[in-house]
Amino acid sequence: MSATPATPQMSDAALEEARCRYVLRLADTALVLGQRLGEWIGHAPALEEDLALANLSLDLIGQARLLLTYAGELEGRGRDEDALAFLRDAPEFLSLTLAEQPNGDFGHTIVRQWLIDAWQLEIYAGLEHSVDNRLAAIAAKALRETRYHHRFSSGWLVRLGDGTPESHERMQSALDELWRFTSELFTPDEVDERLSRAAVAPSLTELAPRWSARVDEDLRAATLTRPALQPYPWHGKRGVHTEHLGHLLAEMQHLQRTYPGARW
Amino acid sequence: MSAVVRKMSSEHNLSSERELEVRKLLARVPDPEIPVLSIVDLGIVREVREEADGRMRVAITPTYTGCPATEVIRALVRAALDAGGYADAILDEALSPPWTSDWLTPAGREKLRAFGIAPPEGSVASPRQLLGSPAVSCPRCGSRATERVSEFGSTPCKAHYRCSACGEPFDYFKCI
């Protein structure tokens, strides 16, 4: 199917660059979502949920650290996980637009979490079989954590969606607002396609129906209605973000930007 | 795995004594969050091997990707190796195969119970394990009439439970 490259070296270089961008996308999505969840610490509706969101955040930041370290090595410019997390500006972040959306109320945070959990379940499960051993090892580890996250987020989705009229309405409105960001999750671009051809990453077009089926199943249990498909104006994974990411980074990076090299 | 162990022990007969000594050192390194457990009980020591140049190689795997104890554990292992005369040992991180609670040793499980933390019930071999909520025995009175208070607890590896029989709250080491 794929055309034979005229110069193998050029093709290899392009593959390596795509690999680095792909790993950064996974890393940045985990990091940005982890940072968002951290904003709940001390503010969640109950102590148990405070603990839960902090634990989810910790897992996501742990995944981001492994992925950022790998991305830094692939990039080969001497940037480690900290340099990548704290010294890049918003256009250099390749996270999904959905991840940076503000927390809203607890239900809103749950809907965002559940949509990304379901996405990570498919991506990490696919990456477990990657020809890239490093990526496969990270994914295998992250997949176990993500299963636990999805159990938590889908559990709350059902309890609140199928709860009181007030909780149902709030969950439906969160879903209606966030759904427009989901078309980005499975719309492949040249990076996704190149890596999928090289068996480094799973094919997004193959994963999409599996995600869709899982989402429908959870929504049915939660008595929520899947919103209509929306056009695709979001490009977080290409570095084009909503205004929210800059504010998130300002808070996350403030210390390193103000006191460069400060250590814990 | 047993084939690998056999191969290693036959090829490294002379060094197995040093490997055993390092393993003994590591068996005294506590988990910083649950100090009754050693890192060997926890199942995170993946390799102890003597290199051709005589240096020892130790590989540790993290429990959870974000567990803050991971870095403390590395420092503790490094200190134990230094103190034991293995200052030139190589300390590796092994990610694969991923750690799960199935790697806890039987001795580790008993230590947890005696400490008041319920050890993981069953095996994570099937992802279906996560779908149900397993019956967890109270580590104090042994009753299985317990309820989950929170899926998350004081550290990434624990959930929070309460015993309906004796009324005590307790930590459950997650099966994950």
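Predicted model: local features only at pLDDT ≥ 70, side-chain atom pairs only at ≥ 80, totals over all residues.

Residues are numbered from 1 along each chain as its sequence is written, and chains are lettered from A and ligands numbered from 1 in the order in which they are written.

Q: How do you know what confidence the predictor has in chain B?
A: Look at pLDDT, the predictor's confidence in each residue, from 0 to 100. Chain B averages 87, and 86% of its residues score at least 70. Residues 1-12 of chain B are another story, with pLDDT below 50. Beyond near neighbours in sequence, that stretch has two contacts in the model. For the complex, the predictor gives an ipTM of 0.82 and a pTM of 0.90.

Q: What makes helix 5 and helix 9 of chain A a crossing pair?
A: Two packed helices are described by the angle between their axes and the distance between the axes. Here helix 5 (residues 106-127) and helix 9 (residues 204-221) of chain A have axes that come within 10 Å and cross at roughly 140 degrees. Angles run from 0 to 180 degrees between N-to-C directions, with axes fitted to C-alpha atoms over the stretch in contact.

Q: Which residues meet there, and what are they by class?
A: Trp114(A) and Trp119(A) are among those from helix 5 of chain A, and helix 9 of chain A brings residues including Arg210(A) and Trp211(A).

Q: What makes chain A and chain B count as touching?
A: Two residues are in contact if their C-beta atoms, placed from the backbone, lie within 7 Å. On that rule, 21 residues of chain A are in contact with 17 residues of chain B. Helix 6 of chain A gives the most to its side, with 11 residues.

Q: How do you know what strand 7 of chain B pairs with?
A: Two strands pair if DSSP finds at least two bridges between them. Strand 4 (residues 117-118) of chain B pairs with strand 7 in the parallel sense over two bridges, and five bridges join the antiparallel strand 6 (residues 158-163) of chain B to strand 7.

Technical notes:
Helix = DSSP H or I, 4+ residues; strand = E, 2+ residues; numbered from the N terminus.
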